[in-house]
Amino acid sequence: MQNRVTNAGYGNRKPFLGAAASVALRKEMDKQIDEQILEWYANVPAAAHLEGKDINSEYYKRNLIETAWRIRLLRVAEAKALTEIAKVSPEAAQVWANYEQEEMLHDELFIQDLAKIGVSREEFLATEPYLSTKLLTGYFSYLLDHEGPLGVVAYSYLVEYVNVTLEPKKLVALKESIGEKNIGGQISHSHTDINDDHPGEVWAAVRFLIRSEEDVTAFRKYLQEHQSILAMYFKELYENTIAGATTGEKAAA
């Protein structure tokens, strides 16, 4: 009698990447992200704005709002991803579930910091997310429907690696420009990423999800595509805050 049960994560569970191969590939991916960071600073408008001393208040406020919305919207797709991951690898699903448990409510950390600069929860909820934020959410849904969960997990590896690499420098600057008492939520978020080694945690899931050289190639592409969509967001943010303020000043003159 044939057992018709499939998609239960009980196929070949031996990782395609051995321990040494996983370490080597992660170094390659980190190098790619480092190169993408340099490209980011060179080509994204006001990419280092929050690392400076003269912070545009509308830029800062809207970035907090969009970050909170991005966490709220993406966690729906990331929760759905758990189902797809479990069909492939119970080990990856266990790691991903733990990671999501730690990240799931981090939107509240950014909402707390919004309150400290006078933005109420009601104002946050009344602010519709940018189109770029919606497109990122839609891309996650496309990936789950048509390509699988690896691309969703790739996004988390990208942002966790970048956060651990760049966030400490940004927070030092924000302590001077905004005030340490006003950025407690962002500090807590960063401490979780660093102290709980979120890049390493996400990579543990990645290792179990990469099952062929084709997946390696796809992962590289996902890192690039996610950065492209995030660049759309920062361009939209710049145009709606810093560039808009400059245009208004010129018009007034």
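Modeller: The chain has 11 helices and zero strands, so keep in mind that this is a predicted model whose pattern along the sequence reads α-α-α-α-α-α-α-α-α-α-α. Its radius of gyration is 20 Å, which agrees with the value near 18 Å that a compact globule of 253 residues would have. Along the principal axes, the C-alpha atoms fill a box of roughly 80 × 35 × 35 Å. Of the 253 residues, 47% count as buried. Among contacts with a separation of 6 or more, 84% are between residues 24 or more positions apart. The accessible surface comes to about 12900 Å², and carbon and sulfur atoms hold 54% of that.

Now for your salt bridges. Side chains of opposite charge can pair when their charged atoms come close. The count here comes to 14.

Take Arg220 and Glu28, whose side chains meet at 2.6 Å, N to O. Arg220 sits in helix α10 (residues 213-240) and Glu28 in helix α1, so this pair ties together parts that are 192 residues apart in sequence. Neither end is buried: Arg220 is partly exposed at 27% relative accessible area, and Glu28 is partly exposed at 40%.

Next comes Arg121 with Glu108, where the closest N and O atoms are 2.7 Å apart. Arg121 is partly exposed, with a relative accessible area of 37%, and Glu108 is partly exposed at 24%. Both also belong to a network of salt bridges that links Arg72, Arg75, Asp107, Glu108 and Arg121.

A further pair is Glu128 with Lys134, at 2.4 Å from N to O. Glu128 has 55% relative accessibility and therefore counts as exposed, the cut-off being over 50%. Lys134, at 36%, is partly exposed.

While you're in that stretch of sequence, have a look at Leu131, which lies in helix α6 (residues 131-146). Leu131 counts as exposed at 54% relative accessibility. Together with Leu135 and Met232, Leu131 makes a nonpolar surface patch of about 290 Å².

The loops have a few things to check too. His49 lies in the loop between α1 and α2, and its relative accessible area of 16% makes it buried, because the limit is under 20%. A polar atom of the His49 side chain lies 2.9 Å from the backbone nitrogen of Asn56. Leaving out residues up to four places away in sequence, His49 touches Asp54, Ile55, Asn56, Tyr59 and Ile242.

Ala46 is in that loop as well, between α1 (19-43) and α2 (57-88). Most residues other than glycine have a negative phi. Ala46 has a positive one, about 55 degrees, and is partly exposed at 26% relative accessible area. Asp197 also has a positive phi, near 50 degrees. Asp197 lies in the loop between α8 (184-195) and α9 (198-209), and counts as partly exposed at 40% relative accessibility.

Note on methods. Residues are numbered from 1 along each chain as its sequence is written. This is a predicted model: local features need pLDDT of at least 70, side-chain atom pairs count only at pLDDT 80 or more; totals for chains, interfaces and linings use all residues. Side-chain values use heavy atoms; hydrogens and water are left out. Helices (H or I, at least four residues) and strands (E, at least two) are DSSP runs, numbered from the N terminus. Buried means under 20% relative accessible area, exposed over 50%, partly exposed in between (1.4 Å probe, protein chains only). Patches are made of residues with over 30% relative accessible area and no salt bridge: like charges are joined within 9 Å, nonpolar side chains (Val, Leu, Ile, Met, Phe, Trp, Tyr) within 5 Å. Accessible areas come from the Shrake-Rupley method with a 1.4 Å probe; for residues, only the protein chains shown count as cover. A salt bridge is a side-chain nitrogen of Lys or Arg within 4 Å of a carboxyl oxygen of Asp or Glu. The radius of gyration is taken over C-alpha atoms; the globule rule is 2.2 Å times the number of residues to the power 0.38. Contact means heavy atoms within 4.5 Å. A polar contact is a pair of N or O atoms within 3.5 Å; within protein, one must be able to donate a hydrogen and the other to accept it, and residues adjacent in sequence count only if both atoms are side-chain atoms.
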